Amino acid sequence: MNTLMNWLSQIGSIVKFGLLSIPQRRGAVAATVIGIAGVVVVLVGVLSIAAGFRRAMTASAAPDSAIVLRSGADTEMVSGFGRDQVRLIADAPGVARGPKGPLSSAELFVIINLPKRSTGTDANVPLRGVEPAATAVRDQLTLVSGRMFEWGRTEVIVGAGAAREFAGLEVGSQIKVGRASWPVVGIFTANGGVAESEVWTDAAVLQGAYNRGQSFQSVYTRLTSAEAFQTFKDALTTNPQLSVKVLRQSDYYAEQSETLTRLITTLGVLIASLMAIGAVFGALNTMYSAVATRTREIATLRALGFGRGAIVIALMVESLVIALLGGALGGALAYAAFNNFQAATMNWQSFSQVTFAFAVTPPLLVQGIVLASLIGLIGGLLPAIRAARQPIASALREL
Amino acid sequence: MKYAHLVWGNLKRKKLRTLLTLLSILVAFVLFGLLCSIRQALVGGVELAGADRLVVRHKVSIIQLLPESYQARMERIPGVDLVVHQTWFGGVYQDPKNFFMQNPVQPEPFLAMHPEIVLPPAQRDAWLKTRTGAIVGRTTAERFQWKVGDRIPIRSPIWGQRTWEFDLVGIYEGRDKGTDTTPMFFRYDYFDEMREEGRGRGLVGWYTIRVKDPSRAAEIARLVDQEFENSPAETKTEPEGAFAQAWARQIGNITLIVAGILGAVFFTILLVTGSTMSQAVRERIGELGVLKAIGFTPAQVLGLVLAESCTLAGLGGGLGLALAWLLTVNGDPTGGLLPLFNFRTADLLLGVGLCVVLGVVTGLLPALQAMRLRVADALRRL
Amino acid sequence: MSTTNETQPQDSALVRIEGVEKTFRRASEDVHVLARLDLVVPPGEFLALMGPSGSGKSTLLNLIGGLDRPTQGSVTVAGERIDTLSDRRLADWRARHIGFVFQLYNLMPVLTAERNVELPLLLTHLGKAERQKHVATALAMVGLSHRAKHYPRTLSGGEQQRVGIARGIVTDPTLLLCDEPTGDLDRKAGDEILNLLQALNREHGKTIIMVTHDPHASARASRTVYLNKGRLSNEPVS
């Protein structure tokens, strides 16, 4: 025990000398800290895009909600149902019921062109026709300004994300649908979820405007519980009058976001890893020169009886501390710069825009710090070993 | 360069440090190459667009279809040279993850419209003769190891429940380095006949128009939109470049993101290299003093230090760019998601420029420090 | 500060060197620095080790201090063979038995004088209060109590060396090894250091081995041996 304490206090005092000597080589140390911060900013920044996109896609999908598509369809775009099938789905076991009947909304999904505010170029904005149960089958849908559209009238409400990213979606303005103009009467939020990217109107109105007759593209339902999903799914898939695909909303949107999140994550990790390699070389340089300028000090300590292991560990701790400084700086910068940064991108599955906010989540910050620590440890190891292996006798006289 | 041995000797003095610095510069330039290629993959369509081509689509959105009959009406507009249409097929080959584009087209005018698609004449003739024939770009053919004569089964939920079978009659190459050689094209007449009832028979996705005089492109675009004004399917016509740009911008501001990342990378490397250089100079102040004492001019000392930093940047950067080129020469690493992925010559040249800038910027401060050195002070530190 | 050594050797010698050879490999050539060398240092002696540069003085000192191992022969200090100890054990041994004083002082620039003196005590089990007491005593012995809070760069060369000596004696080591302690000082400061060493030897019974090439310094020692071409003699070589 005493030996261990003694050893720890050896390490502690060497670390202290190292840290105290930082002001003398502040240039090189600052370069390393900022370099590592740069790596962490890029890693966290790029991954926050993927995290934010995924969060937007899955935020408003409760575990007890489901989506029904035509069998073989991967997205609402290519799905379709008639009025009769929609009724069968709404009446299936497992669907929750409200005062006005089953909590089931048959919906239409089309795209309209609206200019992006930031660039002025056209973007594909989703226009969704919904039924009255639509607000009940999604979580936390709230009108934040204006009012709900009136059923049966050519009016729309607009998700907060869409209103922010695309021009001409303020309450009181009109959107062009074909040759008609429909007034925007309200703005809603959906807990940051994908519905916030959409423009909503009455499904019946949209059917009329797009000559869709009595057809729908998807059915969103609220189930009695998350466990009721299997019952609901089995009832629909075994019904010979239907040929459908049943998914939890959360799974459906997670799948839709998968390609993009995977692409961004892969690229982010690749870029950050390469940068990290570069930063390791930088950290190695800093620590090698830190060790070189302290050759005599380290030899003196060893002459005084400090152990070789203590010196290696102390130098690694020193390098780790520098790296953690960089990691913390990078994490803070990334958080300040990217968290809640509003953006919009294309959801390739539905060919339409999804508005989302970059999300610098705690796990991402942890990843950033872990990467910084790795850079520090690798950057410290070789120089520390070199320092501990110097022959004391000659190093004592080094200038 | 009679001082070459001196510069080289100085770099060799601390071999490890030189190597580490070299490697971090190398990594920066590999990243530069990869990021340029990614940017190209996402926004490259803009540059590949023909100046004489216009894209005509449904005014409400690209997913709404336009009547086939518009083709003849557009051909009658003065200044219009050629009109072809394409339709998004959205098919799946074996697995939804095997994404690539397949569009039905009219073979003859389509090939005339797109000279960047290079198809051997024999294969072209075969396509004209085979109703179920399809051609595919080199990239996709290699990806799935397709050969001419193969039968390709593809399903498309948009156009019906059936599985479509196409006879591969040709594999085309791109005329330019950046040409997308992932799409498959097959015959519109076959498509129109075989698509399910109620799935828009007689309707097509979008049109491409070639104008006789590119300088009149904007005017002709206006004429086309006027032609269909107040009809059930109004159009929006714009140059192919603008269309591609709007697409790219829908993905997000790629150029800004890439520039941001590269900014962070180079800032980092600049710091690392710069601090190494100034350290190298600090360690040698005495020697630099000796050089001055034996008659080197301040400019020569400045030059020596700059030569050293530029050699480092040039070596590291050159190797990095070469490595990036090797890594990107095989094109898209994601297997279909980024068909236009390539490292352009223009970006390569920009990289070379960046090498020089990096060398000068990292060397400048230490070099000035070395130049201003007073001999007496420096010698005392020997 | 007590003057008795914790381990009293059976042997009358505190340092016994027998048949020591030291060979360095430089390029492909073997350089014989020390050749079959014998030396006995009794407790309480102030030994000066002289010789021209390159004669192996420092090598010999390093062998006695456990910083290096002989190619052949044995080094026994306070009854313990140190040439066979492992690196780890050697580090512990140095901490307990040896105080070093260096030509270039080798103080930690980031620590104050008292913190520098405290350094070797960190390797002991002493508590903070005890360490402070020892540091204060050592600084008082070298006459630098008033400079305790100063950083090395604010001290003169002579003062820095006195801090170095305080650090060397603070653990009350068996043996104080000084490598050219006055080599970097002017005559006046050098004299003060020599006075101090002499006092430590005479008044506190410290055994001191000092490498020097300055006859003025060796004159203060109780005995002087001369090293030339790897061999020892009691007479200077002309």
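**Entry 1: chain C**

I then looked up how chain C compares with a globular protein of its length. Its radius of gyration is 17 Å, close to the 18 Å given by the globule rule for 238 residues, so chain C is as compact as a globular protein of that length. I note here that the model is a predicted one.

Next I took the extent of chain C along its principal axes: the C-alpha atoms fill a box of roughly 50 × 40 × 35 Å. For burial, I recorded that 50% of the 238 residues in chain C are buried. I also looked at the contacts of chain C with a separation of 6 or more, and 71% of these join residues 24 or more positions apart.

**Entry 2: the domains of chain A**

I turned to chain A, which is divided into domain 1 (2-58 + 256-395) and domain 2 (72-242). I noted that the centres of these two domains, taken over C-alpha atoms, are 46 Å apart.

I then examined where the domains of chain A meet: 13 residues of domain 1 are in contact with 18 residues of domain 2. Sorting the domain 1 side of chain A by class, I recorded six nonpolar, six polar and one charged residues.

Definitions and conventions: Residues numbered from 1 in each chain as written. Chains lettered and ligands numbered in written order. Predicted model: local features only at pLDDT ≥ 70, side-chain atom pairs only at ≥ 80, totals over all residues. Domains from an automatic or database assignment. Contact = placed C-beta atoms within 7 Å. Nonpolar A, V, L, I, M, F, W, Y, C, P; charged D, E, K, R; others polar. Rg over C-alpha atoms; globule rule 2.2 N^0.38 Å. Buried ≥ 20, exposed ≤ 12 C-beta atoms within 10 Å, placed from the backbone.
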